Amino acid sequence: MPQYLIRKAQAVFGYSSTQDIRLKNGVISDIGESLTAHADDVQIDASNCVLYPGFINTHHHLAQSILKGIPAGLNQGLGEWLVSVPYRFWPHITPDLMYIAAKLGLYEQLRSGVTTCADHHYLYHSTTSPELEDAVWRAADDLGIKLVLCRGGATTQGSHKGMQGSKIVPETLSLSLDRLDASYKRYHDDSPFSMRRLVVAPTSLIHTSPAEDLKVYAQWAKDRQLKRHSHLLEVSFDEEMAQQRFGMSAIDYAAHCDWLGEDVWFAHLVQADHNAIKLLAQTKTRIAHCPTSNCRLGSGIAPAIAMEKAGIPITVGVDGSASSESASMLQELNLAWLLHRSQGGPEATNVNQIIHWGTSNGADLLGLKTGRIEVGHAADLVLYSLDAPRFAGVHSPLEAPILCGEPALIKHSFINGKQVVENGNVLGVDGDELVQEVRSAVLKLLEREASF
């Protein structure tokens, strides 16, 4: 692997002056002023750039990358949208289509500065081919990005609006566990610099698996020291169903099922009230905040500031591109910075705080030694160019990528010290070819759905 020396880096969370940063054997090995170049160093000029830790996307649905802007779902809320978009199409996604969808979603993330993606993959039913999941792992390998596969799925149709009335036959619990075990043995790596992690992630805590199954999942994960993830309180329907079906609040149901704790995080939590926030904080349970999707579906704004004040570390996810039409962490972080100011005033958020949400907080959640520009941490780094005219008038260059948002140009991006983006191009991917692959995949998907 090449050894890189980044010259004169302006680093976010930075230093008193520009620094040189050496990447060796996959980690940040040296930081200092005017480091002596080694004979095998590939030197990179970082002038007119800012250096960030790679962003860590803690909630996504890569399969949705070929489901953007579905007309029937453009103006629907979550429940109806689930029926019109993801659950309408996902039974028709073959392994080949899944690979193209994952490739596109990961490509978009790399282009915005992501180096780790936690994908909540829930395309499992009674007859699912294992190749469908394998396609996601393969796409991540091919693009060189760190993948945390949050293995979803349902063991009952329950009260999930996407499952109800569909022809999807859920997995049994035993089948789900057998498949989980196969993935765990084949893919999971618990090292601090891992490129592959597995997470136990039933699709919806309230709607898709009964309490007995959730308890089994929890123990199965704990026995293997795996993290756990799910959706919770995205909309008020979660609370309504918890009260109606279980006679308790959604957060109390999570506690009842042993689904709170420092190894657990939930996507959305838009409808978390004071009592929910208190219990989440007490149990050290965390959130993947997804503001773009929550705005797009009209779900609301997660009380992220109140959560942070209660001691809950905030992480950020781009969510599925069928409900955000984007897989850009820059967009997500820019919106997070702005959205909470619209509710709480200009003191509600600052850029450094938001960057922590998107980097070190995500790394801590996933248990990866990344998300920081420190010696000994993974060389997961993104060098943003400020040479575009739109950045020329910015007086706070270190904060420019978050302040200005998209479009951005990544000069260089590294994952475990391996270069994955150069001058805006994802290495190993032909953009024009990818466009044709995606367009062909969309046509095939529409044909399969129409003939079903």
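**Entry 1: His 121**

I looked up the neighbours of His 121 and, leaving aside those within four places in sequence, found it in contact (heavy atoms within 4.5 Å) with Met 98, Leu 132, Glu 133, Val 136, Leu 149, Cys 150, Arg 151 and Gly 152. I note that the model is predicted, that local features need pLDDT of at least 70 and side-chain atom pairs pLDDT 80 or more, while totals for chains, interfaces and linings use all residues. Residues are numbered from 1 along each chain as its sequence is written, and side-chain values use heavy atoms, with hydrogens and water left out.

I placed His 121 in strand S7, residues 114-121. Strands here are DSSP runs of E with at least two residues, helices are runs of H or I with at least four, and both are numbered from the N terminus. His 121 has a relative accessible area of 2% and is therefore buried (under 20% relative accessible area; exposed is over 50%, partly exposed in between; 1.4 Å probe, protein chains only).

**Entry 2: H4 and H5**

I checked helix H4 (residues 130-143) against helix H5 (residues 173-187): their axes come within 12 Å and cross at roughly 25°. Axes are lines fitted to C-alpha atoms, for helices over the stretch in contact, and angles run from 0 to 180 degrees between N-to-C directions. H4 and H5 are therefore roughly parallel to each other (angles under 35 degrees; over 145 is roughly antiparallel, 65 to 115 roughly perpendicular, the rest oblique).

I listed Glu 133, Asp 134 and Trp 137 of H4 and Ser 183, Arg 186 and Tyr 187 of H5 as making the contact. These residues divide into 2 nonpolar, 1 polar and 3 charged.

**Entry 3: the sheet around S14**

I traced an open sheet of 5 strands in the order S5-S14-S15-S16-S17, with antiparallel pairing; two strands pair if DSSP finds at least two bridges between them. S5 and strand S17 (425-426) stand at the edges with a single partner strand each, so one side of each has no neighbour in the sheet.

For strand S14 (residues 381-385), I found 5 of its 5 residues buried. Leu 381, Leu 383 and Ser 385 are on one side, Val 382 and Tyr 384 on the other.

I then followed the bridges. S14 pairs with strand S5 (residues 49-53) over 5 bridges, and 5 bridges also join S14 to strand S15 (residues 409-415). Val 382 is the bridge partner of Tyr 52, and in S15 the partner of Val 382 is Ser 413. S15 and strand S16 (residues 418-422) pair over 4 bridges, where His 412 stands opposite Glu 422.

Terms used: Ala, Val, Leu, Ile, Met, Phe, Trp, Tyr, Cys and Pro count as nonpolar, Asp, Glu, Lys and Arg as charged, and the others, Gly among them, as polar.
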